[in-house]
Structures are given as C-alpha cells and as structure tokens.
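Hello,

Here is the structure I promised to pass on. Please have it open while you read; my notes follow.

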Amino acid sequence: MEQWHKEDEHKTIVSRIEKLPAEQRDYQIQSIYARALNNLNREKEALTALMELTEEGKDDPLWHYHVGYAYFYMGGREAESIPHFEKAITLGDEDATVHY
C-alpha cells in the first residue's frame with residue numbers, strides 16, 4: 001500500500017481496503033484508508049474513518065495530522081484543524097507540511 005501511495009494510486013488503496021472484512025481493518029489499515037480518502041478529496045469520509053480511531057489515535061501525531069488535514073480541506077472547518085496540527089507537532093511530527 002505504501003508503494004501505491006507513492007505512485008498516487010489512492011483509488012486502488014481505497015478499493016482494496018473497502019473489500020476487507022471489518023475485523024481485518026486494524027488501526028494501521030484504517031489510517032491508511034483515511035489518508036487515501038483525504039488524497040482523493042473525500043475528506044468527510046476520511047474524517048468518519050478517523051473518528052472510529054479516536055481513542056487509539058489520541059497520542060499518534062499522524063492521526064492528528066490526518067484529522068487536521070480533513071478538517072482543513074473540508075471548507076469552512078479550518079479552525080477545527082488547528083488543534084490537531086498543533087497536537088501533531090507537540091507529539092513529535094517533524095513533517096514540514098504540518099508545521100506550515
């Protein structure tokens with residue numbers, strides 16, 4: 001899936017993950033799914049997928065980054081993205097995009 005991400009094959013990622021039974025969608029798979037949805041401009045769906053991981057993601061900088069990203073690009077919800085970007089930085093995310 002990481003290779004598909006590098007090749008911008010986000011539709012392939014979404015398609016493959018949607019075929020998985022729910023019990024096989026662990027934290028990592030669901031996070032990858034949400035990232036792919038974000039990259040397809042399907043932020044509302046990404047946010048829904050991420051909200052299912054709230055407890056597990058609360059200390060994960062990437063989870064906060066992806067939530068912030070979804071809010072930021074949904075339009076009209078940019079203010080909701082800021083706490084998540086800030087939390088991602090606090091938790092150690094060094095990605096320049098997050099800091100920007």
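Helix α3 has 13 residues and runs 18 Å from its first C-alpha to its last, close to the 18 Å expected at 1.5 Å a residue. The expected span is 1.5 Å times one less than the number of residues. Helices here are DSSP runs of H or I with at least four residues, numbered from the N terminus.

Before the rest, the ground rules. This is a predicted model, where local features need pLDDT of at least 70 and side-chain atom pairs count only at pLDDT 80 or more, while totals for chains, interfaces and linings use all residues. Residues are numbered from 1 along each chain as its sequence is written, and side-chain values use heavy atoms, with hydrogens and water left out.

Back to α3. It is largely enclosed by the rest of the structure, because 11 of its 13 residues are buried. Buried means under 20% relative accessible area, exposed means over 50%, and partly exposed lies in between (1.4 Å probe, protein chains only). The buried residues include Tyr27, Ile32, Tyr33 and Leu37. Their cover includes α1 (2-6), α2, α4, α5 (54-57) and α6; contact means heavy atoms within 4.5 Å.

Some details along this helix:

- Asp26, at the start of α3, brings a side-chain oxygen to within 3.3 Å of the backbone nitrogen of Gln28. Such a polar contact is a pair of N or O atoms within 3.5 Å; within protein, one must be able to donate a hydrogen and the other to accept it, and residues adjacent in sequence count only if both atoms are side-chain atoms.
- Gln28 is exposed, at 55% relative accessibility. Its C-alpha is 9.8 Å from that of Leu53, 25 residues apart along the chain.
- Ser31 is buried, at 15%. Its side chain reaches the backbone oxygen of Tyr27 at 2.9 Å.
- Tyr33 has the charged end of Arg25 over its ring, 4.8 Å from the centre. The criterion is NZ of Lys or CZ of Arg within 6 Å of the ring centre and within 35 degrees of the ring normal.

Next, the core. The largest nonpolar core has 19 residues. Such a core is a set of buried Ala, Val, Leu, Ile, Met, Phe, Trp, Tyr and Cys residues joined through side-chain atoms within 4.5 Å. Ile17, Tyr33, Trp63 and Val67 have the most contacts inside it. Two or more residues come from each of α2 (10-18), α3 (27-39), α4 (43-51) and α6 (61-74). α3 gives the most, with 7. Setting aside residues up to four places away in sequence, Val67 touches Leu47, Leu50, Met51 and His84.

His10 lies in α2. It is buried, at 7%. Beyond its neighbours within four places in sequence, His10 contacts His5, Ala36, Asn39 and Leu40.

Last, the aromatics. The whole structure holds 4 aromatic pairs. Rings of Phe, Tyr and Trp (its six-membered ring) pair if their centres lie within 6.5 Å; planes under 30 degrees apart count as stacked, over 60 as edge-to-face and the rest as tilted. Tyr69 and Tyr73 are a tilted pair, with centres 4.6 Å apart and planes at 45°. Both lie in α6, 4 residues apart, about one turn of the helix. Tyr69 is buried at 18%, whereas Tyr73 is partly exposed at 46%. Phe72 and Tyr73 pair edge-to-face, with centres 4.9 Å apart and planes at 75°. Tyr65, Tyr69, Phe72, Tyr73 and Phe85 form one aromatic cluster.

Best wishes
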